[in-house]
Amino acid sequence: MNNLRGVLYAVVSSATFGLIPLFSIPLLQGGMSSPAILFYRFGLAAAMMGLIALATRRPLRITWPQTGTLLLLGAMYSVTALGLLRSYTYIPSSVATTINFLYPLGVAIVMTLFFREKNSVWLLVAILISLVSWGDIGCPQSDRAIVGVGFAGATVLTYTIYIVGVKKSRISRLDPMIQAFYVLLFSACFFLVYALSTTGAPLPGKWHLWQNLLLLALVPTVVSNLTLVLAIKEIGSTMTSILGSMEPLTAVLVGVLHFGEKFGLDSASGLILIITAVIIVILQAKKKEHPQTLPHESIH
């Protein structure tokens, strides 16, 4: 059941990651700066993950080489989070999330060119379906939109490096919870320095801001990061990134149901294509779980 469990982890990860706008936009509207939001998001998430690790008696000790790798991965994840959050002030959140979803193509290219990963034709079809379904992002044409697209576009590269690094770096055999804890911790440290050198990190003065910060730290950070690492371990970087299609799907649903955005025929077509891509990946997972052998093939 490893492959199907990995698919479930990937779907949960991408779906919860797509909830970032739901909790982040009210914080921006409440007057909090991006550096402060990100510091509190990752600081609270690291504390939650650390408590869970201690409660489950997981050792937090890591080697110096692992520390260096986790620092790099934390930097990539931090830049991704910052670029995505900054893009929300220039372009609609659903557009920014859609641009970020170009990363599955980057992961597939990197894994194929540099790590000789063999991808089936059906997985490539799933990638194409996922990209085509969100090809018409409806981004407004303006100078501000160009800046927003630039911030969102940078996240494609950094998130690709992060996902591939989790699978192929020296920390790949580290406990997933410990991986996620240190990535969140180092990200919080980066944003603390960034916040103190720019806007500062004043404590929020209203309960609804704390509520959004806690939910932002728990749902699209702790849950999303932990299930992401588990998914990569179970089904690999490429399939995990393809199943990231749930991320823009969630963002669109949040926009329609919570922010009152329009839902037209194009959106409906996109949802159908996304579901198709997910079904293809699930079928491929089942195929890997029950590989066919030749009639006279011996298994050692």
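The model is predicted. Its secondary structure comes to 12 helices and zero strands. Of the 300 residues, 51% count as buried.

**Overall fold**

- Along the sequence, the pattern reads α-α-α-α-α-α-α-α-α-α-α-α.
- Take the contacts with a separation of 6 or more: residues 24 or more positions apart account for 89% of them.

**Salt bridges**

- A search of the whole structure finds two salt bridges.
- Arg5 counts as partly exposed because its relative accessibility is 33%, between the limits of 20% and 50%. Glu234 is also partly exposed, with a relative accessible area of 25%.
- Asp175 forms a salt bridge with Arg58, and the closest N and O atoms are 2.9 Å apart. This pair links distant parts of the chain, 117 residues apart. Asp175 sits in the loop between helix H8 (143-168) and H9. Arg58 sits in the loop between helix H3 (34-55) and helix H4 (64-87).
- Asp175 has 28% relative accessibility, so it counts as partly exposed. Arg58 is partly exposed too, with a relative accessible area of 27%.

**Helix H9**

- H9 covers residues 176-197, which is 22 residues. From its first C-alpha to its last, H9 reaches 32 Å, close to the 32 Å expected at 1.5 Å a residue.
- A side-chain oxygen of Asp175 reaches to within 2.8 Å of the backbone nitrogen of Met177.
- Cys189 has its place in H9. Its relative accessibility is 42%, so Cys189 counts as partly exposed.
- Cys189 and Gly43 are 146 residues apart in sequence. In space they are 7.9 Å apart, C-alpha to C-alpha.

**Helix H11**

- H11 covers residues 246-257, which is 12 residues. Its reach from first C-alpha to last is 16 Å, close to the 16 Å expected at 1.5 Å a residue.
- Is H11 mostly covered or mostly uncovered? H11 is mostly covered, with nine of its 12 residues buried.
- The buried residues of H11 are Met246, Glu247, Pro248, Leu249, Thr250, Ala251, Val252, Val254 and Gly255.

**Nonpolar surface patch**

- Leu105, Ile109, Leu113, Phe114 and Phe115 make a nonpolar surface patch of about 520 Å².
- Phe115 has its place in helix H6 (residues 103-115). Phe115 is partly exposed, with a relative accessible area of 36%.
- On helices in general: an α-helix has 3.6 residues a turn, so residues three or four places apart point the same way.

Conventions:
Residues numbered from 1 in each chain as written. Predicted model: local features only at pLDDT ≥ 70, side-chain atom pairs only at ≥ 80, totals over all residues. Heavy atoms only, no water. Helix = DSSP H or I, 4+ residues; strand = E, 2+ residues; numbered from the N terminus. Buried < 20%, exposed > 50% of the residue type's maximum accessible area, 1.4 Å probe, protein only. Contact = heavy atoms within 4.5 Å. Expected span 1.5 Å × (residues − 1). Polar contact = N/O pair within 3.5 Å; in protein donor to acceptor, adjacent residues only side chain to side chain. Patch = residues over 30% accessible without salt bridge, like charges linked within 9 Å, V, L, I, M, F, W, Y side chains within 5 Å. Areas by Shrake-Rupley, 256 points an atom, 1.4 Å probe, with all protein chains shown as cover. Salt bridge = Lys/Arg side-chain N within 4 Å of Asp/Glu carboxyl O.
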